[in-house]
Amino acid sequence: MNPKHILLPTDLSEISLRPLEHNPELFEGRQVTLLSVVPNFPVLAPASPFAPPVDSPDLGPRMESAREGLKAIADRFPANADVRTEAIAERDSGPAIAHWARDNDVDLIVVSTHGRTGFRRRTLGSVAESVLRHSTVPVLAFPEKENQK
C-alpha cells in the first residue's frame with residue numbers, strides 16, 4: 001500500500017499524535033489531513049420548545065481553539081509533507097471521521113488508541129474502534145503502549 005492521502009484524526013492530545021512521534025517517515029511526501037472533531041451537542045431553545053435544536057452556544061470558540069491547535073501540530077510534520085488542517089463539529093467522532101475520509105478521497109486513516117478499558121471504555125467509548133467499524137478505507141491503529149520485550 002502506498003497511500004497518497006493520509007488522515008490523522010486528533011483530539012489535540014499527545015496520545016493522539018503517537019503515529020507522528022513514532023513513525024514520522026509514514027507522512028513524508030504525502031498529503032496529510034489533521035482532523036479534529038469538536039463535540040457538538042445541539043440544544044433546544046428554552047422559550048421555543050418546537051424550534052429545531054441549535055448548536056452549542058460555545059461551539060464557535062471551541063472550533064477556533066481546535067483550528068489553532070491543529071496549526072501548531074502541523075508544524076511538527078516532516079517538511080516534505082503536504083499538511084492540511086480541518087476542524088468539524090459533530091456529535092459522534094468515530095462515524096464523523098470515517099465519513100470525512102470517505103468523502104475526501106483518503107487512502108489511509110491513522111489513529112491512536114487511548115487504551116481505555118472497563119468502565120471508562122464503556123462510558124467514554126472507543127473512537128478508534130468506532131472508526132474501524134464505520135470506515136470504508138484502511139485504518140492503521142497505534143496502540144497505547146509499545147510492546148515490551
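Mentor: Let us begin with packing, where contact means heavy atoms within 4.5 Å. This is a predicted model, in which local features need pLDDT of at least 70 and side-chain atom pairs count only at pLDDT 80 or more, while totals for chains, interfaces and linings use all residues. Residues are numbered from 1 along each chain as its sequence is written, and side-chain values use heavy atoms, with hydrogens and water left out.

Trainee: Which elements do the buried residues of helix 3 pack against?

Mentor: The buried residues of helix 3 pack against strand 1 (5-9), strand 2, strand 3, strand 4 (108-112) and helix 5. Helices (H or I, at least four residues) and strands (E, at least two) are DSSP runs, numbered from the N terminus. Helix 3 (residues 93-103) has among its buried residues Pro95, Ile97 and Trp100, and helix 3 runs at about 150° to strand 2, where axes are lines fitted to C-alpha atoms, for helices over the stretch in contact, and angles run from 0 to 180 degrees between N-to-C directions.

Trainee: Why is serine 135 called buried?

Mentor: Buried means under 20% relative accessible area, exposed over 50%, and partly exposed in between, with a 1.4 Å probe and protein chains only. Serine 135 has 17% relative accessibility and therefore counts as buried. Serine 135 lies in the loop between helix 5 (127-134) and strand 5 (139-142), and touches Ala98 and Ile109, not counting residues up to four places away in sequence.

Trainee: What makes strand 2 and strand 3 a pair?

Mentor: Two strands pair if DSSP finds at least two bridges between them, and strand 2 (residues 31-39) and strand 3 (residues 82-90) have nine bridges, in the parallel sense. The chain crosses between these strands through helix 2 (residues 59-74), and this β-α-β crossover is right-handed, a label given if, with the strands pointing away from the viewer, the path from the first strand over the helix to the second runs clockwise. Strand 1 and strand 2 also run parallel, joined by five bridges.

Trainee: Why do strand 3 and strand 5 stand at the edges?

Mentor: The open sheet has five strands in the order 3-2-1-4-5, with parallel pairing. Strand 3 and strand 5 each have a single partner strand, so one side of each is left without a neighbour in the sheet.

Trainee: How do you know that arginine 76 and glutamate 21 form a salt bridge?

Mentor: A salt bridge is a side-chain nitrogen of Lys or Arg within 4 Å of a carboxyl oxygen of Asp or Glu. The closest N and O atoms of arginine 76 and glutamate 21 are 2.5 Å apart, and the pair forms a salt bridge. The pair links distant parts of the chain, with arginine 76 in the loop between helix 2 and strand 3 and glutamate 21 in helix 1 (residues 18-22), 55 residues apart. Arginine 76 counts as partly exposed because its relative accessibility is 34%, and glutamate 21 is partly exposed at 43%.

Trainee: Where do glutamate 129 and arginine 133 lie?

Mentor: Both lie in helix 5, four residues apart, about one turn of the helix. Arginine 133 has 57% relative accessibility and so counts as exposed, whereas glutamate 129, at 30%, counts as partly exposed.
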